[in-house]
Structures are given as C-alpha cells and as structure tokens.
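Here is a short report for a first look at this structure. Keep the sequence and the 3D view at hand while reading.

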Amino acid sequence: MEEIDRQIMTLLADDGRMSFTDLAKETGLSVSAVHQRVRRLQKRGIVRGFTAQLDHEQIGLPMTAFVSIKPIDPAAADDAPDRLSHLTAIEACHSVAGEESYILKVRVATPNELEDLLQKIRAAANVATRTTVVLSTPWEGRRPPI
C-alpha cells in the first residue's frame, strides 16, 4: 500500500467528514486524485464506510456491557450471530477463542433493560451468558496505527 493512501486513511480515520478539498490540501494531491484514491480504497474494502460517533448517554443508552456467550449444547450449530442479529441493542459481536464462543457489546438504558436483553439473548440463541457491566469508558474508537 502506498504511503499517500495510508495518509488519506489516517486523515479519514481522524475525521470521516473531511472534505476532498481538505484531504487534497493535507496530502498535496489534486481533489480529483484524492477522490479517485478514496473511491479505490472503498472498492478494495479498506474504507468500509463513514459513521458518526454518538454520545450514548445523551441518546438515552448510558449502560454498556460485554456479554460472553457459549452454547448450552456444544454439538448445536454455531449460528448465534444469525440468531441474534435482530437484537438492535447488540452493537458488536466478536468470535473469540477461549471458554466462550462470542463476546457481544451491548448498550441499553437501564439495568432492567439489560436483564430483559439477556433473557432475549439466551432464548434466541440457546446460550449461557456471562455479563460484565462497564463502569466508565476513558476512551474507545481509537484509530488503528496505519
């Protein structure tokens, strides 16, 4: 990968709303060259999208938890992600090595909502759960070294 592409990715990771004009100024390329490079990065699947970072407390979802799941029946099909995809409180699903099969990152408004969500997860995927509630988040969403 070319260094200029790494520079573009770094700039976009820091500010996904940066205009092509500003990207061109920062990289020394023309606006059309930056546009072509960003489009190429998207086609290759390196840049997968642009999202807003939300303040979850202000939108009514102050409670974050990590829910580890493992199948009750180890011989059952490994289809938990498909069975859980309809639960919008689940922000992320990570396949992991270790005792559990997946770790889910969830966001809810209250402990009661978390309890309800855990029951839905268990019922939908036929899994046992272990939950860790987040007390605070000093930082997250850090961009990777590019």
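Which residues does the UniProt annotation "domain: HTH asnC-type" cover? According to that unreviewed entry, the annotation covers residues 1-62. UniProt positions are given in the numbering used here, feature names are shortened, and annotations may be inferred rather than shown by experiment.

## Ground rules

This is a predicted model: local features need pLDDT of at least 70, side-chain atom pairs count only at pLDDT 80 or more, and totals for chains, interfaces and linings use all residues. Residues are numbered from 1 along each chain as its sequence is written, and side-chain values use heavy atoms, with hydrogens and water left out.

## The annotated span

Residues 1-62 are 53% helix and 0% strand. Helices (H or I, at least four residues) and strands (E, at least two) are DSSP runs, numbered from the N terminus. The end C-alpha atoms of the span lie 39 Å apart.

M1 sits in the segment before helix 1. M1 is partly exposed, at 46% relative accessibility. The cut-offs: buried is under 20% relative accessible area, exposed is over 50%, and partly exposed is in between (1.4 Å probe, protein chains only). Leaving out residues up to four places away in sequence, M1 touches R6, M9, R44 and I46. Contact here means heavy atoms within 4.5 Å.

I8 belongs to helix 1. Is I8 buried or exposed? I8 is buried, with 0% relative accessibility. Beyond four places in sequence, I8 touches L23, T27, L29, R37, V38 and L41. I8 and L29 are 21 residues apart in sequence, and their C-alpha atoms are 10 Å apart in space.

Helix 2 (residues 20-27) has the buried residues L23, A24 and T27. They lie on the same side of helix 2, because they cover an arc of only 100° around the axis. That arc is taken from the directions from the helix axis to the C-beta atoms. These buried residues pack against helix 1 (3-14) and helix 3 (31-43). G28 follows helix 2 and has a positive phi, near 80°.

## Two nonpolar cores

A nonpolar core is a set of buried Ala, Val, Leu, Ile, Met, Phe, Trp, Tyr and Cys residues joined through side-chain atoms within 4.5 Å. The largest one has 18 residues, and I69, L84, L104, V106 and I121 touch the most other members. Strand 1 (63-71), helix 4 (80-84), strand 3 and helix 5 each supply at least two residues of this core. Helix 5 gives the most, with 5 residues. A second, separate core of 11 residues includes M9, L23, V34 and L41.

What does L84 contact beyond its neighbours within four places in sequence? L84 is in contact with I69, I90, L104, I121, A124 and A125.

## Strand 3 and beyond

K105 lies in strand 3 (residues 102-108). K105 is buried, at a relative accessible area of 11%. Apart from residues up to four places away in sequence, K105 touches T64, A65, F66, A89, I90, E91, A92 and E140.

N126 lies in the loop between helix 5 (111-125) and strand 4 (127-133). Most residues other than glycine have a negative phi. N126 is not a glycine, yet its phi is positive, about 55°. N126 is partly exposed, with a relative accessible area of 38%.

The charged end of R142 sits over the ring of W139, 3.8 Å from its centre. A charge sits over a ring if NZ of Lys or CZ of Arg is within 6 Å of the ring centre and within 35 degrees of the ring normal.
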